[in-house]
Amino acid sequence: MQSIKIYGTLFGLMNKNTADSNGNYADYLADTAESNKDSFTDDEFKTLTDDIETIRKIEEQIAEIEKETTESDKNGQNTNSEDASPFKNFSGQDFDGNSVDESLFSENAVTVINFWFTGCKPCVAELSKLNDAVRAMGGEVVGINTETFDGNESAIKEAASVLESQGAKYRNLSIDSSSDAGKYASNIMAFPTTILVDRNGNIVGDPMLGGIDNQDNYDTLMKQIQSVIDADSSNK
């Protein structure tokens with residue numbers, strides 16, 4: 001009952017106190033008690049002081065737990081972001097039958113990957129022109145035709161014919177549909193879709209939907225490419 005009386009007095013005084021109630025709660029209680037010390041007997045004030053210190057320790061423990069949880073979540077998100085990249089354990093073949101792996105990405109400051117299908121002929125021509133600019137910047141354009149998965153020879157032949165007719169010189173790859181990259185590509189609903197991959201095989205930024213015949217798309221893509229290249233340079 002005595003404690004109830006003490007805290008009833010303290011809580012009643014809080015409305016009159018100018019301490020910041022949005023700050024540390026133990027500090028708020030201590031400030032209220034100290035500025036109204038005359039409202040309590042010596043024993044009551046000592047009880048309040050002892051209780052407030054207990055509250056302070058509890059708050060510190062909670063703050064530490066929240067900090068550890070936040071850091072754990074942040075680290076987990078970073079790890080998941082990197083581990084989730086479908087290009088970490090990449091493998092495939094170009095249309096000439098040469099094998100490629102994730103070292104493809106380590107050779108470039110940025111790799112521009114365009115997912116397309118054989119009927120998307122204008123996109124092929126656009127990216128062929130873009131490849132020269134990207135190479136000059138320290139990157140490479142790579143095409144992945146979703147119809148050529150699993151080494152489909154007839155689809156590869158048809159896609160290669162389209163590339164040749166459009167004067168496209170950039171590398172195109174056939175990948176395994178069951179691979180991480182293949183599963184990623186299988187979930188693409190709009191074509192062309194273009195993504196940027198850094199030297200470590202991580203996807204950077206959001207996918208770009210639509211061709212670069214759209215000036216806004218072109219400008220956005222070039223800015224994203226330059227951003228990845230700048231980040232790559234700063235890490236050296």
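Thr 118 is placed in the loop between strand 3 (110-116) and helix 5 (121-137), where helices (H or I, at least four residues) and strands (E, at least two) are DSSP runs numbered from the N terminus. The model is a predicted one, in which local features need pLDDT of at least 70 and side-chain atom pairs count only at pLDDT 80 or more, while totals for chains, interfaces and linings use all residues. Residues are numbered from 1 along each chain as its sequence is written, and side-chain values use heavy atoms, with hydrogens and water left out.

Thr 118 counts as buried because its relative accessibility is 6%; buried means under 20% relative accessible area, exposed over 50%, and partly exposed in between (1.4 Å probe, protein chains only). The side chain of Thr 118 makes polar contacts with the side chain of Asn 145 (3.3 Å) and with that of Glu 147 (2.6 Å). A polar contact is a pair of N or O atoms within 3.5 Å; within protein, one must be able to donate a hydrogen and the other to accept it, and residues adjacent in sequence count only if both atoms are side-chain atoms. With neighbours within four places in sequence left aside, Thr 118 is in contact (heavy atoms within 4.5 Å) with Asn 145, Glu 147, Glu 158, Ala 159 and Val 162.

The chain as a whole has eight helices and seven strands. Of its 236 residues, 39% count as buried. Among contacts between residues at least 6 apart in sequence, 68% join residues at least 24 apart.

The largest nonpolar core has 24 residues, and those with the most contacts inside it are Leu 130 and Ile 225. Such a core is a set of buried Ala, Val, Leu, Ile, Met, Phe, Trp, Tyr and Cys residues joined through side-chain atoms within 4.5 Å. Strand 3, helix 5, helix 6 and helix 8 each supply at least two residues of this core, and helix 8 gives the most, with five residues. A second, separate core of 17 residues includes Val 100, Leu 104, Ile 113 and Leu 173.

Ile 225 is in contact with Val 110, Val 112, Val 134, Met 137 and Leu 196, leaving aside its neighbours within four places in sequence. Val 110 is found in strand 3 and counts as buried because its relative accessibility is 0%. Val 110 and Ile 225 are 115 residues apart in sequence and 6.9 Å apart in space, C-alpha to C-alpha. On the same exclusion of neighbours within four places, the contacts of Val 110 include Gly 138, Leu 196, Val 197, Val 228 and Ile 229.

Grid points are joined across faces, edges and corners, and a volume is the space filled by probe spheres set on the points.

The largest pocket holds about 190 Å³ of space. Helix 6 (153-165) and strand 5 (171-174) are the elements that give two or more residues to its lining, and the largest share, three residues, comes from helix 6. The lining has five nonpolar, one polar and five charged residues; Ala, Val, Leu, Ile, Met, Phe, Trp, Tyr, Cys and Pro count as nonpolar, Asp, Glu, Lys and Arg as charged, and the others, Gly among them, as polar. The second largest pocket holds about 150 Å³, and helix 8 (residues 215-234) gives the most to its lining, with three residues.

Pro 192 lies in the loop between helix 7 (180-186) and strand 6 (193-198), and a cis peptide bond with omega of about -5° joins Phe 191 and Pro 192.

Asp 150, in the loop between strand 4 (139-145) and helix 6, has a positive phi near 60°. Most residues other than glycine have a negative phi, and most peptide bonds are trans. Asp 150 is partly exposed, with a relative accessible area of 49%.

Notes: 1 Å grid on protein atoms, 1.4 Å probe; cavity = no way out; pocket = protein on both sides within 12 Å on 5 of 7 lines; lining within 4 Å.
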